Amino acid sequence: MCMNAKTPGLYIHVPFCLSKCSYCDFYSVSSISMLPAFLEALFKEMELYRGRFEPFDTVYVGGGTPSILNPGQVEAILTRVLKNFQLAPNPEITLEANPADLDRAYLESIRAMGINRLTIGVQSFDQAILDFLGRRHSVNQAISAIDASYRAGFANIGLDLIYGIPGQEMDAWLDTVRRALTFEPAHLSCYQLTVGPDTPLGIRYQQGAFSLPDENLQHEFFIKTAEMLEDAGYIHYEVSNFARDMTLTSRHNQKYWDHTPYLGLGPSAHSFLANQRWWNYRSVDRYITVLKSGKPPLEASEILTMEQLQLEALYLGLRTKKGIHLQDYATHYRCDLLTQKGDRLTKLQDEGLIAIEDGYLYPTRAGLAMADSLALI
Ligand code: SF4
């Protein structure tokens, strides 16, 4: 398998959020008392992986809320990355940020250190929705943060938005998209709200306090969003992701979609190399304790069979506009899709959900809207 010829990416998970959003079941803790010990542990973990993946051409500092790190802490992370790993020329170095944390001085500092891409968790330009979601920032803070990011010299800025909020009218959502477009961001991620069952919002939902948009309405949100953004010139390059042009797609996230190797550091982070995947303990406490003893903080690992790799590649490839290169797929995964799934593919083509062209199998817009079931071909 020649999947390792692709340039790997480095993910660093910062598992702290100053407050918990009401819908979120990502792992993060709201007390930052463990932050110094976490950083020490992270630096130890980097040392354990020295030489195993290099060079990286992307570094993605995600979370959690990495923008709660002060500039000195961001610099310490980047310095240790450079000390322990090789970076390819012109790396993409992303930091996820909460608008409440961003002012011009902070942004200028982190940009000077080498952060060259920001993804800002705006979520909505409707204050009532931000309140419903329990977001820590306000609409005004989001606007100030985007302005400050441009003034600090960032050109590659992504905005994250959420749709499908209970009671949200289509026009209100499209108004949020329209307002996002006024900033001409390089990148937009539009996610459908998912409510974790054990979150405050999930519990209220189970008590019947509100209902979520039904499947038809969700579909309409998806299609209208794609239409509006494509009309504005954006490329819908993955189910939830849009870029102003193909040079502005998330280079890092694409590695997750085509089995490029990646190293994930920090609590709950996942890594992938060749046909192996492994992941760290979720608990920050345990992560720190295990690394203090000099061991990798591994919770588990798995070797993927060829059949699992085939299925994953199909599932992930059909979530992207580019789709699957049929010849490469046959070479890497020893499966000729046209021969083995020809009938089903013809049916999906007839239904307007996929197309086969220039050696690629790819989803249409209608196919992207139901990408999860396309992979069941
Ligand atoms: S949605 Fe993001 S900012 Fe909110 S609690 Fe979850 S990880 Fe933290």
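Okay, let's start at the ligand: the residues around it are C17, K20, C21, C24, F26, S28, G63, G64, T65 and N98. "Around" here means that the C-beta atom, placed from the backbone, lies within 6 Å of the molecule. By class that shell has 4 nonpolar, 5 polar and 1 charged residues. For the classes, Ala, Val, Leu, Ile, Met, Phe, Trp, Tyr, Cys and Pro count as nonpolar, Asp, Glu, Lys and Arg as charged, and the others, Gly among them, as polar.

Quick caveat: this is a predicted model, where local features need pLDDT of at least 70, side-chain atom pairs count only at pLDDT 80 or more, and totals for chains, interfaces and linings use all residues. Numbering runs from 1 along each chain as its sequence is written.

Now the whole protein. We've got 16 helices and 15 strands; those are DSSP runs, H or I of at least four residues for helices, E of at least two for strands, numbered from the N terminus. The C-alpha trace spans about 55 × 50 × 45 Å along its principal axes. Of the 377 residues, 39% are buried, meaning 20 or more other C-beta atoms within 10 Å of their own, with 12 or fewer called exposed and anything in between partly exposed.

What about the inside? The largest nonpolar core has 73 residues, and L10, I12, I120, L161, Y163 and L188 have the most contacts inside it. A core is a set of buried Ala, Val, Leu, Ile, Met, Phe, Trp, Tyr and Cys residues joined through C-beta atoms within 7 Å. Apart from that one lies another core, of 12 residues, including L314, L318, I324 and L374.

Take Y163: leaving out residues up to four places away in sequence, Y163 touches Q168, W173, C190, Q192, L193, F221 and T225. A contact is two backbone-placed C-beta atoms within 7 Å.

Over to T7, in the segment before β1 (9–14). Is T7 buried or partly exposed? Partly exposed, because 17 other C-beta atoms lie within 10 Å. Beyond its neighbours within four places, T7 contacts D57 and A88. A88 is 81 residues away in sequence, yet 8.6 Å from T7, C-alpha to C-alpha.

Last stop, an open sheet of 3 strands, ordered β13-β15-β14 with antiparallel pairing; pairing takes at least two DSSP bridges. β13 (324–325) and β14 (354–357) are at the edges with a single partner strand each, so one side of each has no neighbour in the sheet. Between β14 and β15 (residues 360–363) there are 4 bridges, and I356 sits opposite L361 in β15.
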